[in-house]
Amino acid sequence: MMRHVISIKDFSRDTIDGILDRAAELESIASGGSSNILSGRILATLFYEPSTRTRLSFDSAMKRLGGNVIDFGSIEVSSIAKGENLADTISVLSGYADAIVLRHPREGAARMASEFSSVPVINAGDGAGQHPTQTLLDLYTIRKESKLNGVKIALVGDLKYGRTVHSLAHALSMYNSEMYLVSPEQLKMPDSIKDDLTKSGTKIIETTNIDDAIGVVDVLYLTRIQKERFPDPAEYQMVAGSYKVTKDTLKEVKDDLIIMHPLPRVNEIDSDVDSTRHAVYFRQSFYGVPVRMAILSMVMA
Amino acid sequence: MTVQSKELRVRRIKNGTVIDHITAGQALTVLRILGITGQSDEVVSVVMNVSDRKKDIVKIEDRELDPEEVDTIALISPDATINIIRDYKVAEKHEVILPQHIEGVVRCMNPNCITNTDEPALAGFEISRGKGVELRCVYCGKVITDQIADFLI
C-alpha cells in the first residue's frame, strides 16, 4: 500500500502503472460523476504558496470521491503567521484529517512533513524540488493521448530550473523513451540529470533548435521560459520567440503529435494551435483530477 | 636520521588513537569532523604533509575513537587508517569505511533546503561513490561532491 507521495523517484514503474490504471477507472467519475469511495474521509490542504490550480484540482478530486476537504486558509491569518514551524503544524493537522496535501516553498519540506505526520502526506510542490502529482498526470496524458512505452518526446524550454521537466524526464526513463532536450544554451538540462538518464539507457539528443525535434517526436512538451533568467530583455525576447509554437510551425509534424504544457502558458503556444488536433494541454490539466483521485483513493484506502 | 627526526616530530603515545594515512592537508578537517577544537582536554598532535609519504597524521592521547565516529573521516580521506594504542602498542587497527548514510555531520549546500531552516529536520545524506564521494541530501536531493569539507557542521 502507498503511504506518502513525496517524490516520483520513490516509485517503481509497477507502482506508477498501478496509479495510472486506477486513474483510468476513475476518469468517468472525474468528468461530471460522483462516488462514495472516500465518503466520510477528510483531506486537509495546506498551501504555503498560492497555487489555485493544484489546490482546486485536489479539492475537486476529493469531492468527486465523496470526501470532504478542509483548508488551512491563508497563512497570514493562521498559526503560521504566529511563527509556528511546519513540523508542529503537520503534527496538529494530522489529528484533523485522513491525509494532507502540502505545498511549501522549501525543498525537502514534504519529506520532513511525512516524518511528523500520522496520516499520508501528498507533496503538491516543494520549492524547486518535486511535484509528483504533476508528473503522474503528465504520464497519464502521454499514455492516454499518445503512447507511453517507447515514446519519442521533446522537452522544450527551461530545462535547467524547471522541476516539472526534471521529474518527468526521470519518470520517462523507466519507459524506454527517446528524449530531445530543446533549450537555449544557458538553460540546458543539468549534467547530473543527463547522467542519470544515460545510465538508465535513455537515448538523449540535446539541441537548441526546436526544428531538430518537432518533425520526429510523438510528444512536444513545452514549458515557460522566464524573463528573469535573462539579464538582457532583448535576448529573452529572441530566445522565447524562437520556441514559440504556432499553426505554421506544425506543418511538418507527425499526424498524431500531441502538444503538452503544464500551464499556465504565457506565449509559448499561439492560441491558433488550440483548435488543432495536436493540442491536448487543456485535457492534460483535466487529467489532474482522475490522477489525483487515484492517488487519494490509494493513500486513504 | 629520518627515524630520529620523525620521532622528534611525533612522539609515541601511550594510550589513545593514531589516525594515519590521512590525505595530505586534510588533518585539520579530520579534527573538525571529530569535534576536536582545542577546547577539550585531549592532548592532540597533528603532523601535516609528512615529506616522504605525502600524508597527514593525527594522534589523540587517552581517547579511543569508536569506529562509527571515525568512518565519517572517509568522506574526506578514504585511505585513512585508525590505530588504537594501548600501552605503546597497536591494539587494534582498521581502515575507515565509507558509511552509506550520515546524519548531522554535513549541512546541505542548498540554501533553500528544509534542513537549512529552524525546522527539526536533521541534515542527512545517502552516500555513494562515483568519481569521488557523493552525498545526496535525503530531503532535497541536492548532491555534494568535491566541496564536502566546506559544509561540515
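Visitor: How many residues of chain A are in contact with residues of chain B?

Guide: In this predicted model, 15 residues of chain A are in contact with 14 residues of chain B, where contact means heavy atoms within 4.5 Å. Residues are numbered from 1 along each chain as its sequence is written, and side-chain values use heavy atoms, with hydrogens and water left out.

Visitor: What makes up the area that chain A and chain B bury between them?

Guide: Buried area is the accessible area (1.4 Å probe) that two parts lose on being put together, summed over both, and here the two chains bury about 1,100 Å², 46% of it on carbon and sulfur atoms. On the side of chain A, A:Arg106, A:Glu107 and A:Met112 supply 50% of the area buried against chain B, more than any other three residues.

Visitor: Why is A:Glu268 called buried yet said to have no salt bridge?

Guide: Buried means under 20% relative accessible area (1.4 Å probe, protein chains only), and A:Glu268 is classed as buried. A salt bridge needs a side-chain nitrogen of Lys or Arg within 4 Å of a carboxyl oxygen of Asp or Glu; the nearest side chain of opposite charge, A:Arg224, is 5.6 Å away, so A:Glu268 has no salt bridge.

Visitor: What makes the pairing of the A:Glu268 and A:His261 side chains a polar contact?

Guide: A polar contact is a pair of N or O atoms within 3.5 Å, and within protein one must be able to donate a hydrogen and the other to accept it, while residues adjacent in sequence count only if both atoms are side-chain atoms. The A:Glu268 and A:His261 side chains make such a contact at 2.9 Å.

Key. Chains lettered and ligands numbered in written order. Predicted model: local features only at pLDDT ≥ 70, side-chain atom pairs only at ≥ 80, totals over all residues. Buried < 20%, exposed > 50% of the residue type's maximum accessible area, 1.4 Å probe, protein only. Lys, Arg positive; Asp, Glu negative; His and termini not counted.
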